[in-house]
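I am opening my notebook on a structure that is new to me. I will write down each thing as I look it up.

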Amino acid sequence: MKIVKLPKNKTNDFIEHLQSFGEVHAPQKKGKKSCAFQPVTDPSKVLIGEEGFLRTILPLKKYFHKPVDTLLKFSPKTGFEDAYEEEGNKVIFGVHSCDIHAILSLDRVFSGKYVDTYYFRRRKKVAIIGISCVPDDLCYCQSMGTSFVEEGFDLFLSDVGDGYLVKVGTSLGDDMVSSAGDMMTGYGDSDINEYKRRINEFPSLFKTKVDEADLPAILDMEYKSEIWEEMGNRCFNCGICSMVCPTCFCFDVNDEVCLDGETGERKRCWDSCLFKSHAMVAGGHNFRESRADRFKHRFLHKHQAFMGDFGRPSCVGCGRCTQDCPADIHFVGMVKRIKDDITCVHSGEEEK
Amino acid sequence: MPKPKVGIFSLTCCEGCQLEILNCEDELLDILGAIDLVSFGMAQSNNLDIDLDIAFVEGTVVQRSEVAILKKIRDRSKLLVAIGACATNGGVAAIDYDKDREELKRIVYGEAGDFIPSITPAALHEHVKVDFALQGCPIEKHQFINAIGYLLHGDLPLLPEYPVCTECKRKENECVLVQHNIPCMGPITSAGCDARCPSHYLGCDGCFGPVDEANVAMEYSIMKEKGMADDEISRMMQVFAAKSPIIKGQFKGD
Ligand code: SF4
Ligand code: SF4
C-alpha cells in the first residue's frame, strides 16, 4: 500500500486540488450546532481535525440513495422515460471509518439478486476520502467492528499531529496524490511512531462498549421480553432513527399524477419499518400491527436478521439514532440490557 | 369523459384555505381546465347549487345553520373532502368547545351575543361522512393540486401517513427539539408541509393534526421535560386539533 504524508498546513490546498477530480463535498456547519456533508466553496470552512465533528446529520447514503428520488416520468402517449439527470463526479472528503463501513454495507444490499441501478449509477461517480476521528460518548464503532477500515476508500487520512499519513486505496486515489506535487511529502520515524501510538491508544478512548457476541441467539430468546412493549410505549414511530441511519435502506415507491390525471412521475423516498404503513398489505392486514412489534423489528434487523443475510450486523455504531431520537431511546443501552439483564421479564413461555 | 363538477365551500373560518387555492397562480388555469368549478364563493359569482362530483369544504361548524348547509353539500356530492385544520379537527374555533357557549358569547360580544346562534364547534366528521382530508392551517398548495390529479385519475390521493420528523430529517434539518429544546409537535403530527416550521427553527405547532397512532402520552412527557407546564402542553395540543379523535377527550372531561 502506498502511503504519503499531507502536512496539515497543506490540507486546504489539497482540498482545492481535489476539485479537479469532481465537486468536493465535506463536513461543514449546518444549522446552529450541527454539521452536514455539503459542497465546498471555501476549504477553511471544512470541519475536520481538532475543530472537527463526529457525526453529520445525514450519512453519505443521501448521495446514492436520495431521500426523495424521481425515478421515471410516465405518459399514456409516450410511455415512460428515465428521469435521471446525469450527475458529475463527486469527491467526498472527511468520511469516518464507520460511515465507510456503512457504504460497503449498502453496496452489498443494493448489489443483491436485483442490482439497483438507481443506486449504482450515482455511487460509481463518488470518490471517498476517509479520515481518522476521536470517539465521543455515543460512538461504539469499536464494538461493532467498524472503527478501522481497509477498503472502501480512495484515500484515507490518519492524523499524526502535524499532518496526516495518507493511505492510498485505489488508482484514482493514487492519481489524486501523484498530481498533488509538493503538497505531499514523505514520512519519517516520528510519524510512524505517532501513527502506532494513536492506533494503540485508540481502543481505550471508547467510553461506550457493547458486546455483540451471541447477540442474535439472545435476541431470539428474548423475542417475548417485555422490553419491546416498554420501548413501543416510548417510541413515536417518527422515523428519525431510520432516516439518519447510514445503513437503513428501505424505500417506498409511489406515483404522483399531474393535473391531466394521466401523466405523472414515479418517486421513491426513504421509508421506515417503524411506520404503520410499512408492513400493511391489501385488505388492511398488518404484519407488524403494534408500535412494539415495529420497534422490535428494526432492532432485530439491525442486530440479528442482517447478520444472517450478510454475516455482520447492519449497525455500524455511529451513534446517530441515539443522538437524534426524540423519545430519548438509548440504543446502546438497549443492547446492554438485552445482553446483560438476567432478570428480563417475558410475556409468555410458549415458543414464538 | 366530462369534467368533474367541483365545489369549494366555506363554513366558519378565516378562509385561508380558499385563499391558498387561489394562490395556486401558476396552476390555476390547468386546474380550471381539468375540472368544472361550479361553486367557489371567494372567486366567482353565479355559483350553482347542483349535484357535485367533489366538494371541498373548509371551516368549523359553529352555527345551527351551518349544520344544514353542510348536510346539503354532503347530500349532493359524491366525495366530500375536508380542507384545513378547522374542517378536519375543529381548528382554532374549537379550542374551548367544552366551555359554556352562553357564557363565552357574553364574554366576547356582551349583550349582542344573545342573538348569535352559536352551537358547540364541530369538525365536519362530527356531522357528516368525510371521505378524506387535506390538512394544514392553511392547506398546502401542492397537496391540493396533487389531490386533484389523483382524483382525476380515479384514485384517492396518497397522503403521508408518517410524522413531520421524517420530512424534516429528509431535508437534513437540525432537530429543534433534541438540539435546541424548542417544544415541537413534529413527532406526533402528520407530515405534508415539508417541515415548514422546524425548517425555520420554530417548533411544529401541529396544524396538520395528529398522525395515525400518535404517541400523545410520550409527547406530553417530553414537553414536560422541556419545562412546559401542564396547561401549556394541553393548549399546544388542542390549538388545531381539539376535535381530532386522537386528541379529543385526552385533556377535557368528555
Ligand atoms: S427515532 Fe426514536 S422515537 Fe423516532 S422512530 Fe426511532 S426509536 Fe422511535
Ligand atoms: S443503528 Fe444507530 S448507531 Fe447503528 S448505524 Fe444505524 S444510526 Fe448508527
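**Lys62(A) and its partner.** I looked up Lys62(A) first. The model is predicted, and every value in these notes is computed from it. Lys62(A) has 13% relative accessibility, so it counts as buried, the cut-off being under 20%. What does Lys62(A) form a salt bridge with? The partner is Glu172(B), and the closest N and O atoms are 2.7 Å apart. Lys62(A) sits in helix H2 (residues 61-64) of chain A, while Glu172(B) sits in the loop between helix H7 (164-170) and helix H8 (176-180) of chain B, so this pair joins two chains.

**Another pair between the chains.** Asp212(B) forms a salt bridge with Lys276(A). Here the closest N and O atoms are 3.4 Å apart. This pair also crosses between chains. Asp212(B) is in the loop between H8 and helix H9 (216-225) of chain B. Lys276(A) is in the loop between strand E11 (264-270) and helix H10 (291-310) of chain A. I checked cover on both sides. Asp212(B) is partly exposed at 48% relative accessibility, and Lys276(A) is partly exposed at 24%.

**A pair inside chain B.** The side chains of Arg74(B) and Asp131(B) meet in a salt bridge, 3.1 Å from N to O. Arg74(B) belongs to helix H3 (residues 64-75), and Asp131(B) to the loop between strand E6 (118-122) and strand E7 (132-134) of chain B, so the bridge ties together parts 57 residues apart in sequence. Arg74(B) counts as buried, with 15% relative accessibility.

**Salt bridges overall.** How many salt bridges are there over all chains? The count comes to 42. I also found a network of them in chain A. It links Lys8(A), Asp159(A), Glu194(A), Arg197(A), Arg198(A) and Glu201(A).

**Ser158(A).** I went on to strand E8 (residues 155-159) of chain A, where Ser158(A) lies. At 7% relative accessibility, Ser158(A) is buried. What touches Ser158(A), leaving aside neighbours within four places in sequence? I noted Ser132(A), Gly163(A), Tyr164(A), Leu165(A), Lys167(A) and Tyr195(A).

**The nonpolar core.** The largest nonpolar core has 59 residues. Trp228(A), Phe295(A), Phe299(A), Ile329(A), Met334(A) and Ile338(A) touch the most other members. Helix H12 (residues 331-340) of chain A gives the largest share of this core, 5 residues. I followed up Phe295(A). Not counting residues up to four places away in sequence, Phe295(A) touches Trp228(A), Met231(A), Cys235(A), Leu274(A), Ile329(A), Phe331(A) and Met334(A).

Met1(A), Ile3(A), Tyr187(A) and Ile192(A) make a nonpolar surface patch of about 370 Å². Tyr187(A) is in the loop between helix H5 (171-178) and helix H6 (189-201) of chain A. Its relative accessibility is 37%, so Tyr187(A) counts as partly exposed.

**Chain A as a whole.** Chain A has 12 helices and 11 strands. Of its 352 residues, 53% count as buried. Among contacts between residues at least 6 apart in sequence, 74% join residues at least 24 apart.

Conventions: Residues are numbered from 1 along each chain as its sequence is written. Chains are lettered from A and ligands numbered from 1 in the order in which they are written. This is a predicted model: local features need pLDDT of at least 70, side-chain atom pairs count only at pLDDT 80 or more; totals for chains, interfaces and linings use all residues. Side-chain values use heavy atoms; hydrogens and water are left out. Patches are made of residues with over 30% relative accessible area and no salt bridge: like charges are joined within 9 Å, nonpolar side chains (Val, Leu, Ile, Met, Phe, Trp, Tyr) within 5 Å. Accessible areas come from the Shrake-Rupley method with a 1.4 Å probe; for residues, only the protein chains shown count as cover. A salt bridge is a side-chain nitrogen of Lys or Arg within 4 Å of a carboxyl oxygen of Asp or Glu. Helices (H or I, at least four residues) and strands (E, at least two) are DSSP runs, numbered from the N terminus. Buried means under 20% relative accessible area, exposed over 50%, partly exposed in between (1.4 Å probe, protein chains only). A nonpolar core is a set of buried Ala, Val, Leu, Ile, Met, Phe, Trp, Tyr and Cys residues joined through side-chain atoms within 4.5 Å. Contact means heavy atoms within 4.5 Å.
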